[in-house]
Amino acid sequence: MSRCGGVTRRDALRTAVASGLLLAVGGGCGSRDTRTSTVTAHPYAAAARRSDAFAWPEGKRAAVSLTFDDARPSQALTGIPLLDHYGVKGTFFVSPGPLQTHLPAWKQALANGHEIGNHSLHHPCTGNFAFARDKALEDYTLNQMERELREANRVIESALGVRPTTFAYPCGQKFVGRGRHLRSYVPLVARMFEAGRGWMDEAANDPAFCDPAQLLGMELDGLDFQAPRKLIDSAVANGSWLVFAGHEIGEGGRQTTRIDTLEAICRYAQDPNHGIWIDTVQTIVRYVRETR
Ligand SMILES: [Zn+2]
């Protein structure tokens with residue numbers, strides 16, 4: 001505890017907290033680093049912030065992307081025809097193995113304007129998941145990850161004729177290694193792809209601020225329409241880009257985006273009164289990069 005003119009930092013802190021201000025005394029007495037900031041009720045509290053520096057096209061007020069992972073058969077058989085029915089384009093993050101099932105349907109999806117992204121070669125996640133123990137991110141290196149992401153791109157391109165330009169982090173996890181030797185593989189994704197999407201995040205993306213290499217992805221599985229509708233309305237109020245992420249598409253069940261919810265989102269997003277631009281991650285991230 002240092003002293004400044006007989007007043008300890010602890011005294012200053014106590015006084016500041018009591019008055020509702022936090023006095024950050026970083027550099028000693030009379031430091032120019034001394035700043036004040038308000039203490040908020042909780043860490044997430046903030047006024048809604050709309051970026052006036054960024055404008056969505058054609059007067060739209062928010063963007064929404066529907067993304068699905070793992071090339072699950074229900075996406076090819078149920079989800080893509082549903083989206084086609086509503087004229088909505090989705091982004092499907094695939095691994096090469098599962099892609100082989102229903103390959104003609106995936107080719108048709110591309111032909112219909114949907115996007116196929118990369119979801120890694122083997123879907124490595126933390127080894128705390130039993131399914132990932134023999135492909136644990138804790139045991140990966142950046143070189144191994146780069147080799148596998150390139151191989152996944154190569155196999156997807158040879159199967160579909162289009163090289164992915166976007167990526168979704170398996171399990172939303174963005175590291176390789178552990179402890180002092182852990183490395184983020186976000187910079188690798190930033191070099192290889194135009195966008196990288198996370199999973200089970202808690203917010204929409206601010207188009208004027210977000211890092212395309214780690215876009216926030218909000219879980220869509222298991223929800224009725226009310227929850228995503230609130231998120232969409234909030235995105236419209238804030239001018240943000242909401243990226244939903246799901247897995248199976250069906251009536252219900254584990255890791256399943258409900259058909260009725262998906263239909264309701266499509267209808268809601270296409271009502272011109274709502275001012276929503278619904279499109280693929282690739283299309284929207286390109287607009288964001290070119291515009292801001
Ligand atoms: Zn996955």
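What is the mean pLDDT of the protein, and what share of its residues reach 70 or more? Please bear in mind that this is a predicted model. Its mean pLDDT is 89, and 84% of the residues are at 70 or more. Residues 1-34 have a pLDDT below 50, and this stretch makes 32 contacts in the model beyond near neighbours in sequence. Where pLDDT is low, the predicted coordinates should not be read in detail.

Let me now describe the overall architecture. The protein contains nine helices and 16 strands. Of its 292 residues, 34% count as buried. Among contacts with a separation of 6 or more, 71% are between residues 24 or more positions apart.

Next, the interior. In soluble globular proteins, nonpolar side chains tend to be buried together. The largest nonpolar core here has 60 residues, and the members that touch the most others are Val-64, Leu-242 and Val-243. Which residues does Val-64 contact, leaving aside its neighbours within four places in sequence? They are Ile-232, Ala-235, Leu-242, Ala-269, Ile-276 and Ile-278.

I turn to helix 2, which spans residues 73-86, and to two of its packing partners. Its axis comes within 10 Å of the axis of helix 8, residues 259-270, and the two cross at roughly 25°. An angle under 35 degrees counts as roughly parallel, so helix 2 and helix 8 are roughly parallel to each other. Helix 2 passes helix 8 in a right-handed crossing. On the helix 2 side, Thr-78, Leu-82, Leu-83 and Tyr-86 take part; on the helix 8 side, they meet Ile-259, Leu-262, Glu-263, Cys-266 and Gln-270.

The other partner is helix 4, residues 103-111, whose axis is 9 Å from that of helix 2, at an angle of about 25°. Helix 2 is therefore roughly parallel to helix 4 as well. The crossing of helix 2 and helix 4 is left-handed. Ala-76, Leu-77 and Ile-80 of helix 2 make this contact with Ala-105, Trp-106 and Ala-109 of helix 4.

Most residues other than glycine have a negative phi. Asp-70, however, has a positive phi, near 85°. This residue is in the loop between strand 5, residues 62-69, and helix 2. Is Asp-70 buried or exposed? It is buried, because 21 other C-beta atoms lie within 10 Å and the threshold is 20 or more.

His-102 also has a positive phi, near 65°. It is found in the loop between helix 3, residues 96-99, and helix 4. With 19 C-beta neighbours inside 10 Å, His-102 counts as partly exposed.

Finally, I draw your attention to Asp-139. It sits in the loop between strand 7, residues 115-118, and helix 5, residues 142-160. Asp-139 is partly exposed, with 15 other C-beta atoms within 10 Å. How far apart in space are Asp-139 and Gly-127? Their C-alpha atoms are 8.5 Å apart, and the two residues are twelve positions apart in sequence.

Thank you for your attention.

How values were computed
Residues are numbered from 1 along each chain as its sequence is written. This is a predicted model: local features need pLDDT of at least 70, side-chain atom pairs count only at pLDDT 80 or more; totals for chains, interfaces and linings use all residues. pLDDT is the predictor's confidence in each residue, from 0 to 100. Two residues are in contact if their C-beta atoms, placed from the backbone, lie within 7 Å. Helices (H or I, at least four residues) and strands (E, at least two) are DSSP runs, numbered from the N terminus. A residue is buried if 20 or more other C-beta atoms lie within 10 Å of its own, exposed if 12 or fewer, and partly exposed in between; C-beta atoms are placed from the backbone. A nonpolar core is a set of buried Ala, Val, Leu, Ile, Met, Phe, Trp, Tyr and Cys residues joined through C-beta atoms within 7 Å. Axes are lines fitted to C-alpha atoms, for helices over the stretch in contact, and angles run from 0 to 180 degrees between N-to-C directions. Angles under 35 degrees count as roughly parallel, over 145 as roughly antiparallel, 65 to 115 as roughly perpendicular and the rest as oblique. A crossing is left-handed if the near helix is turned anticlockwise from the far one by less than a right angle, and right-handed if clockwise.
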